[in-house]
Amino acid sequence: MWLMKKKGFRVELRGIQIQTIDFCNRSCDFCPNRDDLRKTGELMEERTLEAILDQLAAMEYRGRISPYLMNEPLLDERIFDVIARIRERFPDNIIFINTNGDRLLSADVRTRLVQSTIDGVHVNVYGDRKEYEQKERILRDLAEQDEHVLLRHSVNLHRMPERNGKVNFRLRWMAEAPMRFWNRAGNISGVAPAGHEAKRHRCRLPFRQMYINYRGDAVLCCSDWKFEVIMGNVHEHTLEEIWNNKIYQKYRTMHERRRGKEMPLCCSCNRIRPRRG
C-alpha cells in the first residue's frame, strides 16, 4: 500500500526523485559535489527507468515525479524524452525538476523544455548578482513571449509547482545558500546548522518521499550522496515492496520515537536533534 497508518503516524508517498544522470557541472561550497561526488557521468539504463515507470503505473501512483536527484538534470541529453515519457504514462501527475539554470542559457534547451509538458522548473542561481540578473532576464523574456510560461520569484525552498497548463519557472537567488542548507548527513563540513529544521527531533523524508539513484537503488534520502543506506533495488523488488519493507519501517519507527539520531546516516545529519533523556 502507498498509504499506511501504523502506531499513530501516517506514511504517504507524495514524491519520487529519479536520478537519470550522475553528474553536475558545479562544485558549490555547500554541496558534497565540491568533492566530486556527482561527477561520474553514469546514466540510468533504459531498463531501469522503464522498471520504475512500470511499477509506479501498476500502483496507480498519483504523487510528484521528479527526474532529478543530487545532479544537474539538464545535462542528461535524454531528459526531454524522459519528461515526455513520464507525461504519457502519468498525464495527471506533477512533474518538476531543480536546476542551476546554466543550460537554460541555450535557446534550444529552453524551447525543448517548454515543449516537454513539464509542470515546474525550480531554477536555483548559486552565482553572483550578475549571473542572477542574466538568468532572470532570459526567463522573463521567455514568459513574455510564450503564454504557456509563467515566471515567479521565490525564497521558499519547499513550495511545489501547481498544475495550471503552464510551465511554472520559480527563480531563486541562493546567495546565502549555506545558511539554508544542512550538512547533507555529514557529507559536507562547515555548513551552518539548518534553520528551523534543526529544532526537530524527527525527519519527515522517510515518511513522504522515495529517492532512486541511477543504479535503480532506493537510497534513504537526498543526503545519501555516497549511497550508504540502500532500501532496495527496483530490479529485485517492486517500489511498493521497497516502500513497505523492514528497513523503511525501522527508520520511520525510530524517527517517530525521536530516536532517528541512532540510525546510520541520520546520526551525522544536522536536520534533526538527538533525543534527550
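This is a short walk through one predicted model, from the overall chain down to a few residues and spaces.

I will start with the chain as a whole. The protein chain has 277 residues, and buried residues make up 54% of them. Its secondary structure comes to eight helices and 13 strands. If we take contacts between residues at least 6 apart in sequence, 67% of them join residues at least 24 apart.

Next, confidence. The average pLDDT over the protein chain is 90, and 89% of the residues score at least 70. Residues 1-8 are another matter, with a pLDDT below 50. In the model, that stretch still has 24 contacts beyond near neighbours in sequence. Where pLDDT is low, the predicted coordinates should not be read in detail.

Is His 122 buried or exposed? His 122 counts as buried because its relative accessibility is 2%, and the cut-off for buried is under 20%. What does its side chain make a polar contact with? The partner is the side chain of Asn 98, at 3.3 Å.

The next stop is a pair of residues, Arg 184 and Ala 185, and their backbone angles. Arg 184 lies in the loop between α5, residues 177-180, and α6. Ala 185 is found in the loop between α5 and α6 as well. Most residues other than glycine have a negative phi. For Arg 184, phi is positive, near 50°. Ala 185 is not a glycine either, and its phi is positive at about 55°. Both side by side, then, and what about burial? Arg 184 has a relative accessible area of 12%, so it is buried. Ala 185 has 8% relative accessibility and therefore counts as buried too.

Let me turn to the spaces in the model, beginning with the second largest pocket. It holds about 270 Å³ of space. Twelve residues line this pocket, and those nearest its centre are Arg 10, Arg 202, Arg 204, Phe 207 and Arg 208. Which elements give two or more residues to the lining? They are β2, residues 9-12, and α6, residues 205-208. Of the elements, β2 gives the most, with three residues. By class, the lining has eight charged residues, three nonpolar and one polar.

Last, the cavities. How many cavities of 30 Å³ or more are there? The count comes to three. The largest cavity has a volume of about 110 Å³. It is lined by 13 residues, and among them Cys 203, Cys 221, His 255, Cys 266 and Cys 269 are the closest to its centre. The lining of the largest cavity has ten nonpolar residues, two polar and one charged.

Technical notes: Residues numbered from 1 in each chain as written. Predicted model: local features only at pLDDT ≥ 70, side-chain atom pairs only at ≥ 80, totals over all residues. Heavy atoms only, no water. 1 Å grid on protein atoms, 1.4 Å probe; cavity = no way out; pocket = protein on both sides within 12 Å on 5 of 7 lines; lining within 4 Å. Points joined across faces, edges and corners; volume = space filled by probe spheres on them. Helix = DSSP H or I, 4+ residues; strand = E, 2+ residues; numbered from the N terminus. Nonpolar A, V, L, I, M, F, W, Y, C, P; charged D, E, K, R; others polar. Buried < 20%, exposed > 50% of the residue type's maximum accessible area, 1.4 Å probe, protein only. Polar contact = N/O pair within 3.5 Å; in protein donor to acceptor, adjacent residues only side chain to side chain. pLDDT = per-residue confidence, 0-100. Contact = heavy atoms within 4.5 Å.
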